[in-house]
Amino acid sequence: MHDVENLLTAALTRPLQDEEVLLLSNTSETKRLMEVAAVLRDQGHQSAVSYSRKVFIPLTHLCRDVCHYCTFAQVPRKLKAPYLTPEEVLAIASAGAAAGCKEALFTLGDKPELRYKAAREGLKALKQDSTLSYLRDMAELVLNETGLFPHLNPGLMNANEFTELRSVSISMGIMLESSSARLNQKGMPHYGSPDKIPERRFETIRLAGEANVPFTSGILIGIGETRRERIESLLELRDANQSFGHIQEIIIQNFRAKPDTLMANSPEPDLNELLWTISLARIIFGPKMNIQAPPNLSPGVFEQIVDSGINDWGGVSPVTPDFVNPEAPWPHLSNLANETANAGKHLIERLAIYPDYAMNLDKWVDPNLKPFVLQAIDGQGFARAETWSAGDVKPPPKNDLARVTSIPRGGPLPDLALILDKAVAGKRLDEDEIVRLFKAHGDEFTHVCRAADELRQKLAGDEVTYCVNRNINYTNICYFKCQFCAFSKGKMSENLRGRPYDLSPEELMRRTREAWDRGASEVCLQGGIHPEYTGQTYIDICHSIKQVVPEMHIHAFSPLEVWQGAHTLNISIDEFLGQLKEAGLGTLPGTAAEILDDEVRQTLCPDKINTAQWLEVMEAAHGRGFNTTATIMYGHMEAYKHVARHLLRVRDLQEKTGGFTEFVILPFIHMESPIYLKGGARKGPTFREAILIHAISRLVLNPYFRNIQASWTKLGHDGVRACLEAGVNDLGGTLMNETITRAAGASHGQETSPEEMEEIIRSIGRTPRQRSTTYGPTSDLQKQKSFGASVLLEPEYTSARKYERKQQGEKRVLFRPGLDQTPDSSAGEEQLSSADII
């Protein structure tokens, strides 16, 4: 007993060796095993227990094996046809898609054509060479026609077959069942089944790893094996996974006796055997492995199964029965969610590919399938189970809206509680701790939101601020190639839509005067990096605005414009900032940040300023006496770890300079974004993620940021209401004109009036305050003018003139600070000829 307890204690901190695990095969302390397994599961999966919403497609019931417990396999005379027809396959899949399924689970017997003439004739009629060639074609049909992701269980395969099937599926599997050759002997359940020889199954598992196929395996318990043989099977699966890391889940399936089989009268394993085996599987494979137990095989004991260390229920179908265990109906998903919640966990949907693999698609999925998977996942790799998107007018999911302010069933897991306490105390979190916050689901999500909002109340009170301003996008011509941008125009932009323009000084001044007359205290200037703009252009823009309304605050020019402007004038960043200040610039926006991590930027915006350059400009601006904002644009191709690094880098600079006025959180708008249209990005954040990042930002940036801002242009009014109860205290500007977000496909309008701003704020019991750019008061006169303001005149967009840069004397190299290499002057001029402007 003492040795067992020492081993279990050791299992909490390190993988046990094979001989150590085998010592546990004699223990009967199931309760203690479960305790250890549950701790390990929580280390790797926190509060989430996943499932896949699937449809079951039994392509053929013919099989060359004769397992003594199986009713799935049938002989030809008992079937109306050897194979489902394409029409039947598509009908089943379409019904699944209509019911919200995302996985098409293809089940079939092993190579029946090697045993049955009827199978060979059926394949000939279908014009197929083999069962696996037909499987490939049907998987492709389902994928193309319904969008369901195929998961394939074809039995033994060779390397070529894996290559073929990988192109039309996102995961495959084969149950080991047992590594004991004793079960293949006469009188045992695998006698007469050539595909159940353990060495052959392990060879298939190995080939799956070589082919980088996310793979499912597991064991079937209660078919005559001993406890030690179960443990040996699991250890051999662990060894099989060492080289490739491709086994994404281990299934512990309990034998169910079925009529009309040779094992119809065999005893089924009791609940203790199931819990004992699940617990040891978790101990053997450790925290990160996905351990699954099918819920339909163990009704009424879901809480105990969760307590034994699982983190997944497997596939559950709202459409088709379990054809392998037809006597065991699937639980209703609402009941499964309730039972999971009773065990203190949150049921969450996944795809057939598990999150860790979905977040590394370049390795694990065929390139042609990657865009479809990206569109179907959230930032953690779970299924995107909602139709809401940032920028869309569809209402947010009711469950997530309610969960922001709901009362949790109980306290958070200990690790989350410690992180929340640390953040509230103003201590610097580390990257892993921030990532843990992003993995909060269910009640944990509520705990994070409540902690953030309590902190907001402490730092900023119940006041919610907003600014009356006007966005002026002075040009949409840009020579940078940011992959997310749907705003820029010109030959070098990534998405040619709309007419290119370059506003005249007169139109800039007209818009400024009109904004002032409507109560604005700020103009926010943003635009593309026009190839003919220099630092003097930005100085002249400031002069134009100050000429017409000297009192207007100018909030303009991101670190990219500052870096490019200084370079074109051949002066230092600090000197250029000084010139901008003399010209009347008031503050700088912290845009061009996107994600402050170069792992992301090298794909998202490779020629833009890099992370260090963005931080350098911000620090220099703060040193010159400028206040700036800081922003983040998330929900595209980044992982939670990249967001964590961004938050920490901004926090560290604010601790050093104190120059940021607010942190502005901008969800990715996917609809017209080039990187999304080319299949390289997700559909923006889910609503849960959109709320959660505001709460996490409040916690991580404490105590150095007082103001956390939500974007109504991207989240809509209902979205920002929810954010106001999750740590946010500022709603940004009224904008008057908004074109960048709308160009990306957003539909929330160009202006939210002061009246609407204050209605949003008062609707949740908070106090509105109209502010200046730097959070001071605004004049009573401007405030009075902002209410009941007149309708804006239709803006004028000065068409960009055609130009031929080659004829303008000395050629200027286009400056791309994000690229290390020296730009090629001739190549740059070639790309920006007069044909750039249409």
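Here is a chat about how some labels in this predicted model follow from their cut-offs.

Visitor: Before we start, what are the ground rules here?

Guide: It's a predicted model, where local features need pLDDT of at least 70 and side-chain atom pairs count only at pLDDT 80 or more, while totals for chains, interfaces and linings use all residues. Residues are numbered from 1 along each chain as its sequence is written, and side-chain values use heavy atoms, with hydrogens and water left out.

Visitor: What makes α20 oblique to α21?

Guide: Helix α20 (residues 505-517) and helix α21 (residues 535-548) pack at about 45°, with axes 9 Å apart. Axes are lines fitted to C-alpha atoms, for helices over the stretch in contact, and angles run from 0 to 180 degrees between N-to-C directions. Under 35 degrees is roughly parallel, over 145 roughly antiparallel, 65 to 115 roughly perpendicular and the rest oblique, so α20 is oblique to α21.

Visitor: Which residues of α20 and α21 meet?

Guide: Pro505, Leu508, Met509, Thr512 and Arg513 in α20 meet Ile541, Ser544, Ile545, Gln547 and Val548 in α21, where contact means heavy atoms within 4.5 Å. By class, that contact has 6 nonpolar, 3 polar and 1 charged residues. Ala, Val, Leu, Ile, Met, Phe, Trp, Tyr, Cys and Pro count as nonpolar, Asp, Glu, Lys and Arg as charged, and the others, Gly among them, as polar.

Visitor: How do α18 and α28 cross?

Guide: The axes of helix α18 (residues 431-438) and α28 come within 9 Å and cross at roughly 145°. Ile434, Leu437 and Phe438 of α18 touch Arg688, Leu692, Ile693, Ile696 and Val700 of α28. That contact divides into 7 nonpolar, no polar and 1 charged.

Visitor: On to the rings: how many aromatic pairs are there?

Guide: The count comes to 15. Rings of Phe, Tyr and Trp (its six-membered ring) pair if their centres lie within 6.5 Å; planes under 30 degrees apart are stacked, over 60 edge-to-face and the rest tilted. Take tyrosine 83 and tyrosine 134: at 5.9 Å centre to centre and 90° between the planes, they form an edge-to-face pair. Tyrosine 83 sits in the loop between β1 (48-60) and α4 (86-98), and tyrosine 134 in helix α6 (residues 131-146), 51 residues apart.

Visitor: Why is tyrosine 83 called buried?

Guide: Buried means under 20% relative accessible area, exposed over 50%, and partly exposed in between (1.4 Å probe, protein chains only). Tyrosine 83 has 5%, so it is buried. Tyrosine 134, at 1%, is buried too.

Visitor: And why do phenylalanine 663 and phenylalanine 705 count as edge-to-face?

Guide: Their ring centres are 6.1 Å apart and their planes at 75°, so the pair gets that label. Phenylalanine 663 lies in strand β16 (residues 660-667) and phenylalanine 705 in the loop between α28 (687-700) and β17 (708-710), so the pair ties together parts 42 residues apart in sequence. Phenylalanine 663 is buried at 0% relative accessibility, and phenylalanine 705 is buried at 2%.

Visitor: Why does valine 791 count as exposed?

Guide: Its relative accessibility is 75%, so valine 791 counts as exposed. Valine 791 is in the loop between α32 (780-786) and α33 (825-831). Not counting residues up to four places away in sequence, valine 791 touches Glu514 and Arg518.

Visitor: How do you know that helix α22 is mostly covered?

Guide: Of the 11 residues in α22 (residues 559-569), 9 are buried. Among them are Leu560, Val562 and Trp563. The buried residues of α22 pack against α21, α23 (573-583), β14 (585-588) and α25 (611-623).

Technical notes. Helices (H or I, at least four residues) and strands (E, at least two) are DSSP runs, numbered from the N terminus.
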